[in-house]
Amino acid sequence: MAEVTLQGISKSFGATTALDDVTMTIPDGSFVVLLGPTGAGKTTTLRMVSGLDKPDRGRITIGGRDVTGLTPAQRDVAMVFQQYSLYPHLTVRQNLEFPLKSPILRTPQAEIDRKVGEVAEILQISHKLDNKATALSGGEMQRVSIGRALVRDPAVYLMDEPLSSLDAKLRSDLRIELKGIQANSGATLLYVTHDQIEAMTMATHVGVLDRGRLVQFGTPREIYQNPVSIYAASRLGQPRINILPADLFGSAPPGATHIGLRPEQIAQGEGQESVVQRVERLGDQTRLHLTFKAHDLITVTDAHTALKAGDIVRISPREPFYFAADGARVA
Amino acid sequence: MSFSVTEPRRGTKWLAGILVVGYAIITMVPLLWIIATGFKSPTDSIAYPPVVVFDPTLEGYVNLFTDRTRATPQMLEEAGPPETWYDAIAQERGTVITGPSRYGERFLNSVIIGFGSTALCMILGTAAAYAFSRFRVPLKDDLLFFILSTRMMPPIAVAIPIFLMFRNLGLSDTHLGMILLYTAVNLSLSVWLLKGFIDEIPVEYEEAALIDGYTRFQAFYKVVLPQAATGIASTAIFCLIFAWNEYAFAVLLTSGNAQTAPPFIPTIIGTSGKDWPAVAAGATIFLIPVMVFTILLRKHLLRGITFGAVRK
């Protein structure tokens, strides 16, 4: 287990800049989730740490050791690939044994059997151990691919959307399982996802990437409650934050062009009138789609509300965020 | 990936069957004719109209593997009754076996040169194809085109320079010389074919192996090679068939020491009249190694390409 640092990492592929001066410290034993849309540089960051790609500029350390020029094997990292990358000519068991049998680890067979059995149990693939890797469903392949990382005890785990092709039930099971494994073993884990529920529930830290730049790094709470920009604010929160003209509800601080309102930042029952367009009942909560001065916004209300389309609701902002024209937070 | 799951119609199946069987017969007949001729007597072998039903004899094979001399009845009488079945066959024709022929040696030369050049070609070809497929090689496209361009003329077009080179280097009529020559001719084919097969193997497998603690070479050996087995097997068959059947260079560059079977077989005909059964016997035996090799590798040729463990 080890602290990982990236210092001024830049990487271009031809004319496209994949990473632009990214500096980040991943504390020992933390669970860091990288958030951002496709092309933001999340996977490139993982590949930099793994050693599969070399940065154009910058330094990477793992456990205080400069690994910038080292091969993946020398870095002692385990990685779960988004495309699974199971060895198709091997069985599930052989796939799981593969890293343990590497010339670096040379694990005794008894130890291999114990670890493979343990991991297969956790991932619910014990009954598939002697299948060919190609004779599995997508979800099973993904679990084997996670297992291939978990059998090891590396300095850092790297996971690239490891839960993306699992069904909802298995995904939430494995979310808890992964978090438990990480918390118990004290492993450092760098995790890429699109799924903000995974980010909120598992991460000790979240890094928000925007077109190759790290725009904010902090705990999920910090990023949710204190975003640095519209972009960072939009990464977390379901339903998404409402972005409206700054002066819609009255005066705004100087320099602010937009007001950002999360559902809980919209107080209901006082203030100005808005019209209910649609009521979405999700069971544990109900979403209100409102029209306010010709702008659409979404908020959350009591699960058993009696409101219906066409009703009038009075709303006012409560401790909102204000953003400048370039998206940066001003208040 | 989608497959049609509807059964073809009955008529379609029959038509396909007839075409396949018809094609098989057309390709098999010359082969069967050669095999049959090997077991005919010299008279039957040139009979017109051709005989299909005949008394099989091993005379052709005896003639193939032995050198004989014509003997007078007196000599035969002195020699006494034949000691073995092949002596008996020779004596029936009024000849005496004087020793083994050189066919065995020539055949062994073919095996050494054919399999040797195929093995060398596979080792060099796989390594080169992997490098072209995975690494940034300066002038890659030009190099690949250059490699291919060596196949744009018949190899025999450069026979004279090669003949002179071989003479100066002392490679004429040596096994090493022929192995190098056939490897050089086949290498362009094997690099191109194997590059295609290796390109098909997603690079993610090697990346996974690198992360799993293996070096680049170990990843190549443990992950890429097993998946490229199908391609390597089929490429090896192509290379072997070329080296095995090559005639022109073998005639030109080999004689006493490293001569292969193809230039030797026609010479059998001259030793005692038009001995077609012996020629056919030589050709039949010559076919066997390539057939065995192809059958051994058939499972690789037929095995479906592995796909599906990398999400596209």
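The structure discussed below is a predicted model.

1. Overall build of chain A. Chain A has 331 residues, of which 42% count as buried. Its secondary structure consists of nine helices and 17 strands. If contacts in chain A between residues at least 6 apart in sequence are taken, 64% of them join residues at least 24 apart.

2. Nonpolar cores. The largest nonpolar core has 127 residues. The members that touch the most others are A:Val32, A:Val33, A:Val49, A:Met79, A:Val156, A:Leu158 and A:Leu190. There is also a second, separate core of 16 residues, and B:Leu64, B:Ile89, B:Ala90 and B:Val279 are among them.

3. Surroundings of A:Val33. With neighbours within four places in sequence left aside, A:Val33 has contacts with A:Tyr191, A:Thr193, A:Glu198, A:Ala199, A:Met202, A:Ala203 and A:Val206.

4. Interface between the chains. On the chain A side, 26 residues are in contact with chain B, and on the chain B side 19 residues take part. Three elements of chain A each give two or more residues to this side: α2 (72-75), β6 (77-80) and α5 (138-150). Strand β6(A) provides the largest share, three residues. By class, the side of chain A that touches chain B holds 18 nonpolar and eight polar residues, and no charged ones.

5. A:Tyr87 lies in the loop between β6 and α3 of chain A. A:Tyr87 has 22 other C-beta atoms within 10 Å and is therefore buried, the cut-off being 20 or more. Not counting residues up to four places away in sequence, A:Tyr87 touches A:Asn95, A:Phe98 and A:Ala133 in its own chain, as well as B:Tyr205 and B:Val223 in chain B. A:Leu123 is 36 residues away from A:Tyr87 along the chain, and their C-alpha atoms are separated by 18 Å.

6. Packing of α6(B) on α11(B). Helix α6 (residues 103-134) and helix α11 (residues 216-245) of chain B pack at an angle of about 140°, and their axes are 9 Å apart. The two helices are therefore oblique to each other, since only angles over 145 degrees count as roughly antiparallel. The crossing of α6(B) and α11(B) is right-handed. The residues from α6(B) include B:Phe115, B:Cys121 and B:Met122, and those from α11(B) include B:Phe220, B:Leu240 and B:Trp244. This contact of α6(B) with α11(B) comprises 13 nonpolar and seven polar residues, with no charged residue.

7. Packing of α9(B) on α11(B). Helix α9 (residues 175-200) of chain B also packs with α11(B), at an angle of about 150° and with the axes 9 Å apart. Helices α9(B) and α11(B) are therefore roughly antiparallel to each other. Their crossing is right-handed. Among the residues that meet are B:Tyr182, B:Leu189 and B:Phe197 in α9(B), and B:Ala228, B:Phe238 and B:Phe242 in α11(B). The contact of α9(B) with α11(B) has 13 nonpolar and four polar residues, and none is charged.

8. Cis peptide bonds. Most peptide bonds are trans. In chain A, the bond that joins A:Gln238 and A:Pro239 is cis, with omega about -5°. A:Pro239 sits in the loop between α9 (230-235) and β11 (242-245) of chain A. In chain B, the peptide bond from B:Tyr48 to B:Pro49 is cis, with omega near -5°. The loop that holds B:Pro49 runs between α2 (42-45) and α3 (59-65) of chain B.

9. Positive phi at A:Tyr84. Most residues other than glycine have a negative phi. A:Tyr84, which is not a glycine, has a positive phi near 65°. The residue lies in the loop between β6 and α3 (92-97) of chain A. A:Tyr84 counts as buried because 26 C-beta neighbours lie inside 10 Å.

10. Positive phi at A:Glu319. A:Glu319 has a positive phi of about 40° although it is not a glycine. Its place is the loop between β16 (312-317) and β17 (321-323) of chain A. A:Glu319 has 10 C-beta neighbours inside 10 Å and therefore counts as exposed, for which the limit is 12 or fewer.

Note on methods
Residues are numbered from 1 along each chain as its sequence is written. Chains are lettered from A and ligands numbered from 1 in the order in which they are written. This is a predicted model: local features need pLDDT of at least 70, side-chain atom pairs count only at pLDDT 80 or more; totals for chains, interfaces and linings use all residues. A nonpolar core is a set of buried Ala, Val, Leu, Ile, Met, Phe, Trp, Tyr and Cys residues joined through C-beta atoms within 7 Å. Two residues are in contact if their C-beta atoms, placed from the backbone, lie within 7 Å. Helices (H or I, at least four residues) and strands (E, at least two) are DSSP runs, numbered from the N terminus. Ala, Val, Leu, Ile, Met, Phe, Trp, Tyr, Cys and Pro count as nonpolar, Asp, Glu, Lys and Arg as charged, and the others, Gly among them, as polar. Axes are lines fitted to C-alpha atoms, for helices over the stretch in contact, and angles run from 0 to 180 degrees between N-to-C directions. Angles under 35 degrees count as roughly parallel, over 145 as roughly antiparallel, 65 to 115 as roughly perpendicular and the rest as oblique. A crossing is left-handed if the near helix is turned anticlockwise from the far one by less than a right angle, and right-handed if clockwise.
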